[in-house]
Amino acid sequence: MKRARALRRSSGSGLLAGLAILAGLAGALADAPKRVVSMNLCTDQLAMLIAAPGQLYSVSHLAHQPQSSVLAEKAALYTVNHGLAEEIFLMKPDLVIAGTFTTRATVEMLRRLGFRVEEFAPSSSFDGIRGNVRRMGALLGREERAEALIAEMDEALADAEAQGVTGAIAALNYTNNFTSGRGTLADDIVTRSGLENLGAKLGLEGTVKLPLEVLIVSAPDVLIGRGRWSKAPALAYEDFSHPAMRALNAEAVAAAVPGKYMICGAPFTVEAVRILAEAAARAGDRGAQ
Amino acid sequence: MTLLHVRNLCGGFAGQDIVQDASFDLAMGEFVGLIGPNGAGKSTLLRAVLGLTPCRGTVCFGEDDAKRLSRSALSRRVAYVPQERDVAWAVPVEMLVGLGRIPHRPVFSAETVSDRAMVECAMAVMDVIHLRHRHATELSGGERARVLIARALAQDTPLLFADEPTAGLDPAHQIALMETFARLASEGRGVLACLHDLWLAARWCSRIIVIDGGKMIADGTPAEVLTFDRLAAVYGIKAHVGEVDGGLSVLPTALSGMRHDPGGSVQVNWKA
Amino acid sequence: MTAASPKARSGSAAPTELASPSSETARYRLVLAVLTLSVLLLFIASLFVGPAAIGFWDSINALLTGQGEAAALVMREIRLPRALLGAMIGATLGLSGAALQGYLRNPLAEPGLLGVTGAASFGAVIAIYTGLSALFPLALPLLALAGAVAAVLVVQALAGGHGGSLTLILAGVAVSSLAAALTALALNLSPNPFAALEIVFWLLGSLTDRSMVHVMLAAPFMLIGWALLAGLGRSLDLLTLGRDVAASMGVQMKRVQAQAVLGTASSVGAATAVAGAIGFVGLVVPHILRPLVGAKPSRLLLTSALGGAAMILAADIAVRLIAPAKDLKLGVLTAIVGAPFFLWLVFKTRRAML
């Protein structure tokens with residue numbers, strides 16, 4: 001139990017990679033699963049990318065939503081689940097894949113019912129993505145597919161990184177004034193695009209509040225937004241139209257990275273780096289003028 | 001001169017007449033006692049005359065129809081002390097008595113010297129000067145009653161209505177209050193008070209109105225109204241009526257058995 | 001009138017006692033002066049507290065001259081509206097608490113406990129989350145006002161007039177629970193995933209990152225409400241003696257009712273529309289100040305407005321100092337102070353209630 005917790009804490013580190021290799025060995029020993037159910041947006045997308053035809057049976061309802069899922073169209077091919085134990089039970093899967101943020105109660109219930117449940121921690125860096133992709137490949141008996149995806153991703157990543165201009169400061173500005181600091185996937189994305197992440201510069205860790213005042217005073221060169229989730233009104237969006245924020249918007253280069261590229265770490269996360277690298281180039285041009 | 005003119009007054013609550021067809025006048029110099037058993041409609045009659053409860057009929061203050069008088073004009077004609085002696089806040093006594101001057105002041109104007117004098121005088125009359133810094137909510141029932149009457153005296157109106165003002169007062173303060181009311185009347189005001197103490201009414205009122213079952217059944221001087229037979233009929237009591245120390249004295253001594261029922265609905269047999 | 005007391009109490013009627021009312025007035029003026037001064041100091045302090053580290057002189061320079069681009073934005077667009085709203089909302093809550101207590105003759109009356117802020121919250125939620133306020137900005141304060149009017153009328157119908165404290169509190173509990181449930185329902189039904197998280201704001205209130213737009217939206221409604229409530233002084237004084245006596249002394253009860261209901265609804269509605277439901281200020285402030293002004297309801301109005309402004313400004317400073325990074329809700333702090341106080345008050349007045 002203690003070790004499991006330690007593992008979770010150091011997610012994305014070498015330990016996780018080690019675990020992935022162990023899991024891969026285990027997967028190779030057993031026969032590849034034939035009826036897989038995924039109940040987490042991030043494992044949904046990894047499974048869709050890696051699984052053999054007919055191997056994946058069901059993905060979560062979030063995977064069907066275009067705001068959150070890059071593979072929303074592909075998700076239509078699979079049965080929908082809502083992460084409820086009862087629902088999963090009736091699907092009779094031979095492997096259940098969950099995120100470590102999935103409800104503990106559901107996961108424990110499924111294990112009690114005799115299902116094999118594998119949990120994935122969210123990736124907090126590109127290293128983490130590589131580890132998760134390899135582990136998924138091993139679990140599904142699709143190691144080759146996984147390696148191909150990683151190779152493709154690394155190539156695209158190298159291209160995107162080459163475009164970026166270093167030096168400009170970028171602020172991640174999510175709804176409700178949240179931002180990402182050190183130890184987050186978003187930080188890795190921003191850094192690889194050649195920008196300096198304001199959250200990390202301010203010494204923040206994880207995804208936390210960045211008070212509007214601090215954002216204004218820091219005067220970032222690039223302002224990274226995730227775009228609106230829904231047309232329906234909410235106070236969460238009021239800050240974007242705050243007079244002080246509008247003044248900042250007029251000064252900074254705006255970069256909108258659709259949320260779906262940043263929520264989950266997967267090969268397509270490179271797209272976020274590419275978008276930001278372009279913004280970094282624009283900021284560099286503006287600075288040069 | 002007539003201060004109050006009431007004709008055919010009916011009313012009480014919406015849809016139910018507690019007071020039925022009351023008619024009387026009240027002239028300068030009169031101290032009128034309103035007596036009758038519990039639930040007879042004494043309090044309702046006072047409230048109806050003041051327009052505090054829905055009613056029909058004619059009420060005139062002096063020459064003016066009450067319907068045409070504004071609330072603030074009315075507040076300079078008549079002061080009212082209800083039976084409830086509830087004070088909401090722990091206000092110092094002199095501030096409470098000072099509220100009596102508000103109807104005489106334009107909005108947002110401060111208390112004048114004459115206002116102060118009137119308040120001091122009212123407190124002196126009701127013997128509450130020594131209580132001036134005490135909180136009205138901490139006083140005994142009798143003390144609070146005197147403070148509230150002082151408030152009405154400070155209002156300095158031609159007419160004064162008081163609902164059971166002597167309840168809870170010690171005999172000395174009861175007598176002092178009746179003397180004060182009688183003197184106010186003799187100075188040219190009119191006083192109308194609901195009373196339960198027949199001996200006080202008999203001795204100090206200049207006139208007595210008896211009300212029973214919502215109807216006025218007698219109106220006259222104490223000697224005319226407070227007879228043995230009427231007290232037996234209205235209250236169901238035996239009372240000694242006579243003269244003591246040069247004044248009329250009524251002393252209830254026993255229940256008399258069957259009570260006369262004016263409304264035909266209440267039948268009380270005390271001895272049953 | 002000459003003295004006719006049964007026993008003349010010598011000395012007690014001495015004319016030297018005539019000086020006392022002016023000492024009462026002097027104390028009232030002192031209380032007003034102290035409160036005004038503390039509101040001013042807290043207002044200034046509020047301008048200099050915030051997560052962004054801006055030097056004292058830079059702040060003043062930025063605020064007054066608009067120089068220093070980022071600092072000026074922070075001072076003028078973030079901290080100034082926050083401090084202004086804090087003072088305005090505090091004044092509204094203190095004033096309406098004092099007015100409602102005087103009008104209902106009950107020390108437990110308060111816009112939050114009576115469900116007025118809760119119902120105003122619900123009105124504001126409807127205006128914002130249906131998108132109505134985006135099309136027509138005045139819909140926000142107007143719907144909040146409508147909710148507040150409905151709450152006051154329901155509570156008054158249930159417990160006004162001769163109802164005791166118990167009826168008043170029960171009616172308030174019913175109205176505020178219903179309003180809170182409807183607010184939560186409306187937010188949960190919103191298709192926006194963030195809406196459900198904003199229940200906390202509407203139930204507890206906050207001044208974080210409000211702007212001048214909010215100040216301008218709320219100010220006219222608050223000013224109208226203040227004017228209506230401030231005009232109640234004399235009637236509230238007379239209501240100390242009960243409704244009948246007040247009426248017999250010239251108070252027009254219907255007008256007073258309209259004034260109290262609309263004044264409370266307009267100012268509290270506007271306050272809630274921009275900052276959510278902040279509770280207990282209207283309960284605590286008048287109660288603390290009452291003994292200092294001789295319990296006279298008219299004197300409690302202005303003092304409670306100032307006291308409320310001071311309390312909200314102080315609470316909002318505390319919220320920023322205690323947990324700078326956590327966006328602690330203002331209503332959390334007022335409730336932590338207010339709720340035990342309310343319990344103590346119920347304990348103290350329970351004999352009168354039952």
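**Close-up views of a predicted model**

**View 1. Helix H3(C) passes helix H13(C) in a right-handed crossing.** Right-handed here says that the near helix is turned clockwise from the far one by less than a right angle, and left-handed that it is turned anticlockwise. This is a predicted model, in which local features need pLDDT of at least 70, side-chain atom pairs count only at pLDDT 80 or more, and totals for chains, interfaces and linings use all residues. Residues are numbered from 1 along each chain as its sequence is written, while chains are lettered from A and ligands numbered from 1 in the order in which they are written.

H3 (residues 69-104) and H13 (residues 281-289) of chain C pack at an angle of about 70°, and their axes are 8 Å apart. The two helices H3(C) and H13(C) are therefore roughly perpendicular to each other (65 to 115 degrees). Axes are lines fitted to C-alpha atoms over the stretch in contact, with angles from 0 to 180 degrees between N-to-C directions. Helices are DSSP runs (H or I, at least four residues), as are strands (E, at least two), numbered from the N terminus.

From H3(C), Gly90(C), Leu93(C), Gly94(C), Ser96(C), Gly97(C), Ala98(C) and Gln101(C) meet Val281(C), Gly282(C), Leu283(C), Val285(C) and Pro286(C) of H13(C). Contact means C-beta atoms, placed from the backbone, within 7 Å. The residues of this contact divide into six nonpolar, six polar and no charged; Gly counts as polar.

**View 2. Chain B meets chain C through 41 residues of chain B and 32 residues of chain C.** Helices H2 (71-74), H3 (93-98), H4 (113-125) and H6 (171-186) of chain B each give two or more residues to the side that touches chain C. The largest share of that side of chain B, seven residues, belongs to H6(B). By type, the side of chain B that touches chain C has 24 nonpolar, five polar and twelve charged residues.

**View 3. Four strands of chain A form an open parallel sheet in the order E8-E6-E10-E11.** Strands E8 (196-197) and E11 (253-256) of chain A stand at the edges with a single partner strand each, so one side of each is left without a neighbour in the sheet. E6 (residues 169-172) of chain A and E8(A) pair in the parallel sense over two bridges; pairing requires at least two bridges found by DSSP. Ile169(A) has Glu196(A) in E8(A) as its bridge partner.

Terms used
Contact = placed C-beta atoms within 7 Å. Parallel < 35°, antiparallel > 145°, perpendicular 65-115°, else oblique.
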